[in-house]
Amino acid sequence: MKSYQVDNNGYYGIFGGAYIPEMLYPNTEELRENYLSIMEEPEFKREFQQLLQDYVGRPTPLYFAKNLSEEYKAKIYLKREDLCHTGAHKVNNTIGQILLAKRLGKKRIIAETGAGQHGVATATVCALMGIECVVYMGEIDIARQAPNVARMKMLGAEVKPALSGSRTLKDATNEAIRDWINNPVDTHYIIGSVVGPHPYPDMVARFQSVISEEIQSQLLEKEGSCNPDYVIACVGGGSNAAGAYYHYLDNPEVGIIAVEAAGKGIYTGESAATSALGKVGIIHGSKTLLMQTDDGQITEPYSISAGLDYPGVGPMHANLFQSGRGEFISITDKEAMDAGLRVSQLEGIIPAIETSHAFAIFKHREFNPDDILVINLSGRGDKDLQTYIDYFDL
Ligand SMILES: *Cc1c(COP(=O)(O)O)cnc(C)c1O
């Protein structure tokens, strides 16, 4: 049977691989040779599992959302990643990667961040482990995301501004890669989503796969079956979605729905709807679908939600789209914001704006009343309060 997991060469269908400068080869090669065996060590598993439990607060609940279910006429469960320490799923991955870095003998961590969420999750685990942390961030993003910059500093990380190009995420990524090339022996680069050269997409998906592992046993207890009819998640780079889909990828009984940001409208030029607009290309060392001009320049994405404001998707998602295994839906800023407000008032849960996109699919998609849906509630809305306030004039 065809699998939607990564193959032995680091590809998902035609997507993935490691398209990197030669000088980075030893770094990714060290990871590729070691990540699976380290992750399988009983002592690694025990330590990861213990920290997920006692530090992150796992297992996160699978909550039957009665009011949402009545409103949208389906059985809707929410996987509560918003209850993780630091307020989102990202910490599942940073804990995993820092444990791995320690076992590889690394003394220093670097990361890049756009909105600052991944930077905070990285600074958090570096504080926990007492490891030096440098986070690259575009100068523009530093100005836009002051609260997260303050959090990182408070956690002891050094925030280094990227001063070149558009001074945003992609420039921060370039700086981080340059740093890694210059410090191959003692430094590990923590990438925050299922993007980047092999083995990052697979490694990050494995660390996040705890989400679907828990959904399986929680749903079995609540519904008598591990399998929902659909798993639904928002996709920026795709890590929360990859974690929620992981154990269902090769199970045709379970439908996969990916929700992207259409910004001001898919074809307005201000969008991040990669499935609709993307073409095959190479970004961050991986062959995937990305938004680009006719001559191959990456286009600047836009979404009201900083976490979905990415010009590509990870290779797993590109393959889910191209093969038809996943159903992709694009949601505008307005639809997402309205859905976020509705969920807040129906369930008493204020979602991150990223997640609000996933809640807006009911405008585009009907379900049967007895369909069981699991929506991955990737993060909480505290960080987005100002955006909600400005948008709704609260
Ligand atoms: C970062 C973020 C996302 C988008 O990243 P993925 O890698 O696609 O999961 C989604 N939701 C929240 C709450 C985030 O912080």
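## Ser-303 and helix H13

The side chain of Ser-303 comes within 2.9 Å of the backbone nitrogen of Ser-305. This is a polar contact, a pair of N or O atoms within 3.5 Å; within protein, one must be able to donate a hydrogen and the other to accept it, and residues adjacent in sequence count only if both atoms are side-chain atoms. Ser-303 sits in the loop between strand E12 (286–290) and helix H13 (315–323). Helices (H or I, at least four residues) and strands (E, at least two) are DSSP runs, numbered from the N terminus. The model is predicted: local features need pLDDT of at least 70, side-chain atom pairs count only at pLDDT 80 or more, and totals for chains, interfaces and linings use all residues. Residues are numbered from 1 along each chain as its sequence is written, and side-chain values use heavy atoms, with hydrogens and water left out.

Is Ser-303 buried or exposed? Ser-303 is buried, because its relative accessible area is 5%. Buried means under 20% relative accessible area, exposed over 50%, and partly exposed in between (1.4 Å probe, protein chains only). H13 has buried residues too: Pro-315, Met-316, His-317, Ala-318, Asn-319 and Leu-320. Just after H13, Gly-324 has a positive phi of about 85 degrees.

## The ligand site

Which residues are closest to the ligand? They are Lys-90, Ser-193, Gly-236, Gly-238 and Ser-239, out of 15 that surround it. A residue counts as near if one of its heavy atoms lies within 4 Å. By class, the shell has 3 nonpolar, 10 polar and 2 charged residues. Ala, Val, Leu, Ile, Met, Phe, Trp, Tyr, Cys and Pro count as nonpolar, Asp, Glu, Lys and Arg as charged, and the others, Gly among them, as polar.

A polar side-chain atom of Ser-193 lies 2.6 Å from a ligand oxygen. For a side-chain N or O atom of Ser-239, the distance to a ligand oxygen is 2.7 Å. A polar backbone atom of Gly-237 is 3.2 Å from an oxygen of the ligand. Taken alone, the ligand exposes 380 Å², and the protein buries 97% of that. Accessible areas come from the Shrake-Rupley method with a 1.4 Å probe; for residues, only the protein chains shown count as cover.

## Cavity and pocket

On a 1 Å grid over the protein atoms alone, a cavity is a set of points where a 1.4 Å probe fits but cannot get out; a pocket is an open set with protein on both sides within 12 Å along at least five of seven lines, and lining residues have an atom within 4 Å of a point. Points are joined across faces, edges and corners, and a volume is the space filled by probe spheres set on them. The largest cavity has a volume of about 30 Å³. Its lining includes Asn-27, Trp-180 and His-188. Helix H1 (25–40) gives the most to this lining, with 3 residues.

The second largest pocket has a volume of about 480 Å³. Of its 19 lining residues, Phe-48, Arg-206, Ser-209, Val-210 and Glu-213 are closest to the centre. Helix H2 gives the most to the pocket lining, with 6 residues. The lining has 9 nonpolar, 4 polar and 6 charged residues.

## Asp-382

Asp-382 lies in the loop between strand E14 (372–376) and helix H16 (385–392). Asp-382 is exposed, with a relative accessible area of 56%. The C-alpha atoms of Asp-382 and Pro-351 are 8.1 Å apart.
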